[in-house]
Amino acid sequence: MTILIRPYVVADRAAVVALVHELNLFEDAISGDRAKDLKAAEACLDSDLKRVERDGGAIVVACDGDEVIAMMAFVIDQPQPYLRTEVGQVGWVAELVVDERHRGQGIGTMLLEEAERLARASGLRRLMIGAIAGNHIARKAYERYGFRPAVIELSKDLD
């Protein structure tokens, strides 16, 4: 299998929406709060595309031949005044999903390497990624790649 990492193009839309939908379903099984319809997946992709256009970054896909089998949204945050200048602006892996049939083959690592390359090319010194509480597989994979916990977010549902 030869995997190609390349920029997202409009012709990839249906495949990427399907991947984001797969991610939403997977995460909903853990969190119970993800929207499970295709419209939500479309809105997520559209939000990522707008954020990339506004703030910088890229949407990239991993392909096996002509088939899109994974995607990643890399976005650049606005500088945060509470951080030291050298790390005040960070890159975020906002979405990362590998089709279930292709997991465990190093494709996620390839996408993280691309995120790191994009961050360095943008002059950034920090890369961030999130994993929902309970997604131990993703968290362990990210920690193996070199990420470490930085912020713990807490939530409380209100009536």
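Biologist: Salt bridges first. How many are there?

Modeller: The count comes to 13 in this predicted model.

Biologist: What does Glu 67 pair with?

Modeller: Glu 67 forms a salt bridge with Arg 101. The closest N and O atoms are 2.7 Å apart.

Biologist: Which parts does that pair tie together?

Modeller: Glu 67 lies in strand β3, residues 67–76. Arg 101 sits in the loop between β4 (91–98) and α3 (107–121). The pair therefore ties together parts that are 34 residues apart in sequence.

Biologist: Are those two buried or exposed?

Modeller: Glu 67 is partly exposed, at 32% relative accessibility. Arg 101 is exposed, with a relative accessible area of 57%.

Biologist: And what about Arg 101 and Asp 99?

Modeller: Their side chains meet in a salt bridge too, 2.8 Å from N to O. Asp 99 counts as buried, at 12% relative accessibility.

Biologist: Where do Glu 143 and Arg 139 lie?

Modeller: Both lie in helix α4, residues 136–145. They are four residues apart, about one turn of the helix. Glu 143 is partly exposed at 35%, and Arg 139 is partly exposed at 44%.

Biologist: New topic, α3. What should its 15 residues span?

Modeller: At 1.5 Å a residue, they should span 21 Å. The end C-alpha atoms of α3 are 21 Å apart, which agrees.

Biologist: Which residues of α3 are buried?

Modeller: Ile 107, Leu 111, Leu 112, Glu 114, Ala 115, Leu 118 and Ala 119.

Biologist: How do they sit around the axis?

Modeller: Seen down the axis of α3, the buried residues fall within an arc of 155°, so they line one face of the helix. The face turned away from that buried side carries the exposed residues Arg 120 and Ala 121.

Biologist: What covers the buried residues?

Modeller: The cover includes β1 (3–7), β2 (57–64), β3, β4, β5 (127–129) and α4.

Biologist: What follows α3?

Modeller: Gly 123 follows α3, and its phi is positive, near 80°.

Biologist: Now the largest nonpolar core. How many residues?

Modeller: The largest nonpolar core has 24. Those with the most contacts inside this core are Met 72, Phe 74, Val 93 and Leu 96.

Biologist: Which elements supply at least two residues each?

Modeller: β2, β3, β4, α3, β5 and α4 do. Of these, α3 gives the most to this core, with six residues.

Biologist: Why would such residues be buried together?

Modeller: In soluble globular proteins, nonpolar side chains tend to be buried together.

Biologist: Back to Leu 96. What is it in contact with?

Modeller: Leaving aside neighbours within four places in sequence, Leu 96 is in contact with Leu 23, Met 71, Met 72, Gly 108, Leu 111, Leu 112 and Tyr 142.

Biologist: And which residues does the second core include?

Modeller: The second core is separate and has 17 residues. Among them are Val 17, Leu 19, Val 75 and Val 97.

Note on methods
Residues are numbered from 1 along each chain as its sequence is written. This is a predicted model: local features need pLDDT of at least 70, side-chain atom pairs count only at pLDDT 80 or more; totals for chains, interfaces and linings use all residues. Side-chain values use heavy atoms; hydrogens and water are left out. A salt bridge is a side-chain nitrogen of Lys or Arg within 4 Å of a carboxyl oxygen of Asp or Glu. Buried means under 20% relative accessible area, exposed over 50%, partly exposed in between (1.4 Å probe, protein chains only). The expected span of a helix is 1.5 Å times one less than its number of residues. The arc is that of the directions from the helix axis to the C-beta atoms. Contact means heavy atoms within 4.5 Å. A nonpolar core is a set of buried Ala, Val, Leu, Ile, Met, Phe, Trp, Tyr and Cys residues joined through side-chain atoms within 4.5 Å.
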